[in-house]
Amino acid sequence: MAKFVLKRLAMLPLVLAGVTMLLFGLFQTLSPESRASLYIKDPRQLSSLEAVIREHGLRDPFHKQYLRWLRKVARGDLGYSETAKMPVTEAVRAFFPATIELSVLAFIPIMVLGVWLGTLSAVHKDKLVDQLSRFISITGYSLPSFALGLILLMVFYGVLNLFPPGRYSLESDIVVHDAAFNAFTGLILLDSLLNGEWALFVDALRHLVLPAATLTYITMALLVRVTRSSMLEELGKDYVRTARAKGLSEAAVIAHARRNAWIPVITIASILFVQLLGGVLITETVFAYPGIGRWVAQAALQLDVPAVMGVALLTSSLFVLGNLAADILYAVVDPRIRFK
Amino acid sequence: MRRNLAPLVLSLAFAVACGKKEAPAPAAQPGGAHDKTTFVHVTIQDIDSLDPAWAYDTASHAIILNLYEPLVQYRGSSMSELEPLISEKVPSVANGLVSADGRSYSFPIRKGVKFHQGGEVTPEDVRYSLMRFMLYDRNGGPSSLLLEPVTGLASTRDEAGKLIEDVYDKVAAAVTVDGDKVVLKLSKPFAPILTVLASWAPVVSKAYGASVGAWDGSKETWKKHNNPQKTSEGFHSRPDGTGPFMLERWDSKTKEIIMTRFAGYWREPAKLKRVVVKGVDEFQTRKLMLAAGDADSIYADSLAKPLLESIDGVEVIDDLPRIDMNPTIFFVFKIDVQGNPNVGSGKLDGEGIPSDFFSDKDLRLGFAHAFDAEGFIKDVNRGKGTRASGFIPAGLPGHNPSQPNYPFDLQKAEQYFRKAHGGKAWEKGFKFTIAYNSGNQPREVIANMLKRAVESINPKFQIDTRAIQWSTFLDQSNSSKLPMFILGWAPDYPDAHNFAFPFMHSSAKYPQLQHYKNAEADALINSAMREIDPAKREKLYKRVQAIAYEDCPTIFILNAVRYRTQRKWVKGFEYNAVWPDSPYMSPFYTVWKE
């Protein structure tokens, strides 16, 4: 198993090199003048644009520029984001924890409900439960996230005043910025627990419920459908018929089949999780949630190239790591993969 | 089956547990929006800078005037009556503080006024503040408001951008300390000078400034601090004023600024303990925050009014007359095309526009006739306000209702477009981006109205519209990167000069970033500024407005009225049309919650 993981990890730098080369190549399609604007912090520098191009070697051959850029990235220098008014690395550190929290909190119900509904749907194929599951999946898949987000906000905040937008309330804002509060991780849920601030924990959780629910509803549809089809395939196989013939309980049969149906589910789940981590811009905008999605959406609108590049690099890395995690999970779920 | 329902039950239980009413009630929490001593305003704009010498946008200025104090201020809603602030008296000829020739103003400086970071205001601090405001003079900044009447110069730099050597001496000679008084001498009589000082050049601490990298007040060093970069001096983000509120935190990440009551304030402390101004781009979210009481007031444009009127506990204060010129459409005569994604190819080849695209008058007139201003007022502005007939709004001397404007006429627009750039624009077509600040719906509508109308005239005409975050929008417009943009002008002080100069004088903010210059307009504005006879001034401004109509550097749309939305528990709001970002923002000193 260790050898398997090591082999996969060894692939990681190669894959990242490919991804960064592709990203950098895309960036190179812009003119040297456009790329020079990255280095300009003051409009007055525009008069010396040619000097900026020379200073940063923006007309150098691709490989020279790529290696220079790679060295900078390795040092953690991703440039300056005009949208966030801070260096990109600092902005990622500032915005990413909020997105991690939201993604994790959404991903748990996505997995639990997605797999449960998918299994239920397969076991009760063409029954009422299956139809209901299909209805949930179709509406989830086709409903725009901003529409669902606004509806949830209107009902659960506007009418019931249960779950407010934002990351936490103003009351909590005082606690978070108090000198006695230690921001160990930047994850408010975790930091509040580590600081023993229960009220803050509950408050932050209340703010996460609606964006997490929105993401759950629109994201789990795919998982439900994949789980269903994978389960149907397994349930139709000979070993299931044999197990049933031998009198194994239906619950035990489903448990066996479900384990074998995990492979496609893991693939989809890892992609979904990385997509969530990459920022969910519409959900974050509707709920005024200060995550990476809202920032990168503004950055993209304002052609803040360093920010877009930085986030693209982050999401590509996450995607690679997500795939690695999925590969490891395949081996955990199916021991035959280890031996292959 | 019962076991299968467990995840659903658990999820629901989780949701209910998190949202149950037994969770700490917001109303009971100090510092929150429901706390009667905390005021929350939710808007779309973010802050550009907190440096009084840099900030020249309404969002920043409105915050600055709560943190800092000028020498005098407007009395309540009046635009002409002033009351003393850092100065113990409002200078007048009657009280002997204004010289008979109208050129010398004496300000007896109030004693016992403390800065937030410690120390008391001295006349030297006031002198430093006035001088710094003038000598800082960043490109497109507010310095000329004072520099011009004091020295007769609109800028500290000549047209080539070179520093004018004797500027420092002129400024130093014009601002002097005489015992407990600060004396300000003008180059020529300028009647609105006190209204300029009611909003601008608030008092900053000289010692604190020097300690945070700002100018130290000496002749030897001022040049280094002339036209600096935005963040190079500590005043940008670490203010030290004397105002009723002090900065607690400015978080550009969440677009949130928090001010707390200054306990050492020289008057009665403010009734509010805390003021929070936060940015939320999505209107529905702002509306829900207002409805839930998590916001005490919000920014909302004319389209949103019907949606706000029926909310319980919310009041809409309508028909507040404005003397601003907002929105307006600006053409940039010399666009910076290098590395600029807003101009496509940067050439007149159908895939972009060249730097001098809008220097062609026919092209500008084509756009002017392609915009349906009346339709905008009727449909977008709910019929509120009247069509602007020039840059001086209704209600100010100099406004000329008989000045013609450009009727919406697509045939006429086509005639102009056909002539533009010797027919090449029509033949090749063009492609560029119109920008507006994100969240501002009326400006978004204007951009799209123009896009649709112009694109319908010739299929080779392509226009993209783009929303840009406020502070970045300002940066890009200041650097002439936006070929055409939609912005507005709120007055610095209520006088025709404050519209003629920024819109038409080649040394001023907009013409500078538009690269527009009309020598006759410059001369007329200079004359009008020095003219004491109101009738003669009015005549001069009428001619400048006629030039604006002929040259069409800018499209003026609306004499506006606006409305304010707030919770009914908000009391003490004072509407003054001159206040920055009014009626959404106001001096928070007078505000409280019932």
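## Local features of a predicted model

B:Tyr436 touches B:Arg443, B:Glu444, B:Ala447, B:Thr465, B:Arg466, B:Ala467, B:Ile468, B:Phe473 and B:Ile486, where residues up to four places away in sequence are not counted. The model is a predicted one. B:Tyr436 belongs to strand β14 of chain B, which covers residues 430-437, and its relative accessible area is 6%. Because buried means under 20% relative accessible area, B:Tyr436 counts as buried. Between the C-alpha atoms of B:Tyr436 and B:Pro534, which are 98 residues apart along the chain, the separation is 37 Å.

Chain B also holds an open sheet of three strands, arranged in the order β4-β6-β5 with antiparallel pairing. Its edge strands, each pairing on one side only, are β4 (104-108) and β5 (175-178) of chain B. On average, and with direction ignored, neighbouring strands of this sheet are turned by 25° against each other. Helix α5 of chain B (residues 167-174) packs on the sheet, where it touches β5 and β6 of chain B, and its direction makes about 35° with that of β5(B). Strand β4(B) is joined by five bridges to the antiparallel strand β6 of chain B, residues 181-185, and B:Ser104 stands opposite B:Lys185 in β6(B).

On the surface of chain A, a nonpolar patch is formed by A:Ile151, A:Met154, A:Val155, A:Val159 and A:Leu160, which together have about 410 Å² of accessible area. One of these residues, A:Ile151, is placed in helix α7 of chain A, residues 145-159, and is partly exposed, with a relative accessible area of 47%.

Most residues other than glycine have a negative phi, and most peptide bonds are trans.

| Site | Feature | Value |
|---|---|---|
| B:Asn326 to B:Pro327 | cis peptide bond | omega near 0° |
| B:Ser582 to B:Pro583 | cis peptide bond | omega about 10° |
| B:His421 | positive phi | about 50° |
| B:His515 | positive phi | about 60° |

B:His421 is found in the loop between α12 (410-419) and α13 (424-428) of chain B, and B:His515 in the loop between α17 (509-514) and α18 (519-530) of chain B. With a relative accessibility of 37%, B:His515 counts as partly exposed.

Note on methods: Residues are numbered from 1 along each chain as its sequence is written. Chains are lettered from A and ligands numbered from 1 in the order in which they are written. This is a predicted model: local features need pLDDT of at least 70, side-chain atom pairs count only at pLDDT 80 or more; totals for chains, interfaces and linings use all residues. Side-chain values use heavy atoms; hydrogens and water are left out. Two strands pair if DSSP finds at least two bridges between them. Helices (H or I, at least four residues) and strands (E, at least two) are DSSP runs, numbered from the N terminus. Axes are lines fitted to C-alpha atoms, for helices over the stretch in contact, and angles run from 0 to 180 degrees between N-to-C directions. Contact means heavy atoms within 4.5 Å. Buried means under 20% relative accessible area, exposed over 50%, partly exposed in between (1.4 Å probe, protein chains only). Patches are made of residues with over 30% relative accessible area and no salt bridge: like charges are joined within 9 Å, nonpolar side chains (Val, Leu, Ile, Met, Phe, Trp, Tyr) within 5 Å. Accessible areas come from the Shrake-Rupley method with a 1.4 Å probe; for residues, only the protein chains shown count as cover. A salt bridge is a side-chain nitrogen of Lys or Arg within 4 Å of a carboxyl oxygen of Asp or Glu.
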